[in-house]
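Please look through the sequence and the 3D structure shown here before reading the report.

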Amino acid sequence: MASTATALSGPPYIFVSTPACVQRCLSSGVLQAKSVHDYLSIIILDKANLLFTYGYEKNLKDLKTHIPKRCQCLLMAATSSDDVESLKKLYLHNPYILTLAEVGDGKDEIVPKNVQQFWIQCSYRDKLLYILAILKLDLVQKKFGIKSAVLNAELPVN
């Protein structure tokens, strides 16, 4: 807990944890509830279909009281279940559900038609100029509260 306290001496930019550890950090004062309320903008619940099975139901319900309404929540789940529906009702305000088809199932494209992806290959020197142009021309739109991503030449394409 001492190393966690040092790491969380100020509001973190990224905080990766289990729901139980977040609860411990909040109850011990290592993580300030006011910081969570003031600075948290996105929460991602990965393996949402398994979180209750792992015993985090009470932690997730308790944690919800600290999450501001403006916070965007992403639930990632391999399958849909009653647990995912419970988390959806608990954490999501106006959900947009993105269901990706299995590769090779023949039903649909891998990526649904309402999801678009564009890319520009450019040199390291020109990347900031391209990003500025894309942003100034409002070519990167935000829909359904899901922020668009702009990658640069230093990041791997995959």
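## Basis of the model

This is a predicted model, in which local features need pLDDT of at least 70 and side-chain atom pairs count only at pLDDT 80 or more, while totals for chains, interfaces and linings use all residues. Residues are numbered from 1 along each chain as its sequence is written, and side-chain values use heavy atoms, with hydrogens and water left out.

## Residue E57

E57 lies in helix α4, which covers residues 57-64; a helix here is a DSSP run of H or I with at least four residues, and a strand is a run of E with at least two, both numbered from the N terminus. Because its relative accessibility is 34%, E57 counts as partly exposed, a class between buried (under 20% relative accessible area) and exposed (over 50%), with a 1.4 Å probe and protein chains only.

Leaving aside residues up to four places away in sequence, E57 touches L51 and F52, where contact means heavy atoms within 4.5 Å. E57 and L87 are 30 residues apart in sequence, and their C-alpha atoms are 9.1 Å apart in space.

## Residue L75

L75 belongs to strand β2, residues 72-75, and it counts as partly exposed because its relative accessibility is 22%. Not counting residues up to four places away in sequence, L75 touches L45, A48, V84, L87, K88 and L92. From L75 to P95 there are 20 residues in sequence and 9.7 Å in space, C-alpha to C-alpha.

## Strand β1

I44 is found in strand β1, which covers residues 42-45.

## A nonpolar surface patch

I42, I44 and M76 make a nonpolar surface patch of about 260 Å². Patches are made of residues with over 30% relative accessible area and no salt bridge, with like charges joined within 9 Å and nonpolar side chains (Val, Leu, Ile, Met, Phe, Trp, Tyr) within 5 Å; a salt bridge is a side-chain nitrogen of Lys or Arg within 4 Å of a carboxyl oxygen of Asp or Glu.

Technical notes
Areas by Shrake-Rupley, 256 points an atom, 1.4 Å probe, with all protein chains shown as cover.
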